[in-house]
Amino acid sequence: MTYLAKPRLHHPALEHNKLGFTRRDYEGAISTLCAGCGHDSISAAIIQACFELDLPPHRIAKLSGIGCSSKTPTYFLGSSHGFNSVHGRMPSVLTGANLANRELIYLGVSGDGDSASIGLGQFAHSLRRGVNMVYIVENNGVYGLTKGQFSATADKGSKSKKGALNTDAPIDMVSMALQLGATFVARSFSGDKEQLVPLIKAAVLHRGAAFIDVISPCVAFNNHPGSTKSYDYVREHNEAVNRLDFITGRPEIKADYAPGTVEEVTQHDGTVLRLRKLHAEYDPHDRIAAMRYLQERQAAGEVVTGLLYADPEPADLHAHLNTVDMPFNQLGERELCPGAAALDTLNASLR
Ligand SMILES: Cc1ncc(C[n+]2csc(CCOP(=O)(O)OP(=O)(O)O)c2C)c(N)n1
Ligand code: SF4
Ligand SMILES: [Mg+2]
């Protein structure tokens, strides 16, 4: 219950990260979601990723819209900045915050209703502008908070808990993200923490628009036979194209791989992601091939997961706008009012 404070006492033998924090320092309030909701597993993965990356909690800003998914930032990163916005409006609030202070790490948390229905336009524009953020959609195919209506990501032909057939075509958010120019695109499953935690870590280190679609079953309204977003369905149809095994800077995971099955993805800041290829032909640097592959596998009824696309040379909104390095919220009067001579020069350049 959110009004119940978690006890602060913890065991002295708990693991500490480089900043001296335990996982507990990255948690939030006690969850009020239904027991077994996929969203709680995503919160746990975010906590794990931030702990392992040694992120200072006060350098993170978590923003969300409305929905069970958008409630989850209350349950993680209790010492970070947070803004629970209006339904579907998280991306524009996040964009504004990012423009005002480029130094924070931005986590946008949303649902399939929040981002594929009412917030579809906002979702699209934040990705095509390259806002430096990790945008996570906790995708359960329904409006969980308002009692289980089909959302725009529900598959055509899938059935509601009461047996109604969905006749509308679904919106595939990763295909859209690829088409819109997101520079990091991944899909995962709330029930696969081993896959999800490294993807979140890599997305945090990515300096550009990083989008992760996480299939996250709603146990109350969309976990029955006939649903394509249930635990059973996703486990049976999950087709992982690769696995992120480690990110340099962390202790290397020793593994014995067949030659040609490991690929290194060097990011802009020099960090290296090590990808274990599960499908020899899958290339996460080829946006067009990724789009084609997704469509083909989707038509075959598979749920493709893994790192689907990463641009090793991303540019973010600040780079596109050529903004100054200093965050806008730190600019003083001297920088903001450079005087009449500077204004005359500017006006002359526009004539
Ligand atoms: C402007 C507006 N329209 C409708 C609603 C009602 N509403 C609240 S949450 C929600 C859908 C949430 O679905 P999703 O984003 O998928 O989150 P989930 O609960 O499934 O995690 C709707 C339609 C609202 N709060 N505000
Ligand atoms: S209604 Fe569904 S999405 Fe909402 S908390 Fe319950 S299981 Fe999760
Ligand atoms: Mg939903």
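Ligand 2 is surrounded by L33, C34, C37, H39, C68, N140, G144, C218, V219, A220 and F221, where a residue counts as near a molecule if one of its heavy atoms lies within 4 Å of it. By class, this shell around ligand 2 holds 8 nonpolar, 3 polar and no charged residues. In that sorting, Ala, Val, Leu, Ile, Met, Phe, Trp, Tyr, Cys and Pro are nonpolar, Asp, Glu, Lys and Arg are charged, and the others, Gly among them, are polar.

A word on the model before we go on. It is a predicted model, in which local features need pLDDT of at least 70 and side-chain atom pairs count only at pLDDT 80 or more, while totals for chains, interfaces and linings use all residues. Residues are numbered from 1 along each chain as its sequence is written, chains are lettered from A and ligands numbered from 1 in the order in which they are written, and side-chain values use heavy atoms, with hydrogens and water left out.

Now turn to ligand 1. Of the 17 residues around it, C68, S69, G113, D114 and G144 come nearest. The shell around ligand 1 is made up of 6 nonpolar, 9 polar and 2 charged residues. At least two shell residues come from each of α2 (68–71), α4 (112–116) and β5 (142–143), and α4 gives the most, with 3 residues. These elements are DSSP runs numbered from the N terminus: helices (H or I) have at least four residues and strands (E) at least two.

Which side chain has an N or O atom 2.7 Å from an oxygen atom of ligand 1? That side chain belongs to S69. The side chain of D112 also places an N or O atom 2.9 Å from an oxygen atom of ligand 1, and a backbone N or O atom of V142 lies 2.9 Å from an oxygen atom of this ligand. The protein covers 74% of the 600 Å² of accessible area that ligand 1 has on its own, by the Shrake-Rupley method with a 1.4 Å probe.

Finally, look at two pairs of helices. The axes of α5 (residues 120–128) and α6 (residues 173–180) come within 8 Å and cross at roughly 45 degrees, so α5 and α6 are oblique to each other. Oblique covers the angles left over once those under 35 degrees count as roughly parallel, over 145 as roughly antiparallel and 65 to 115 as roughly perpendicular. Axes are lines fitted to C-alpha atoms, for helices over the stretch in contact, with angles from 0 to 180 degrees between N-to-C directions. For α1 (residues 38–52) and α7 (residues 193–205), the axes come within 9 Å and cross at roughly 50 degrees; α1 and α7 are therefore oblique to each other.

Key. Polar contact = N/O pair within 3.5 Å; in protein donor to acceptor, adjacent residues only side chain to side chain.
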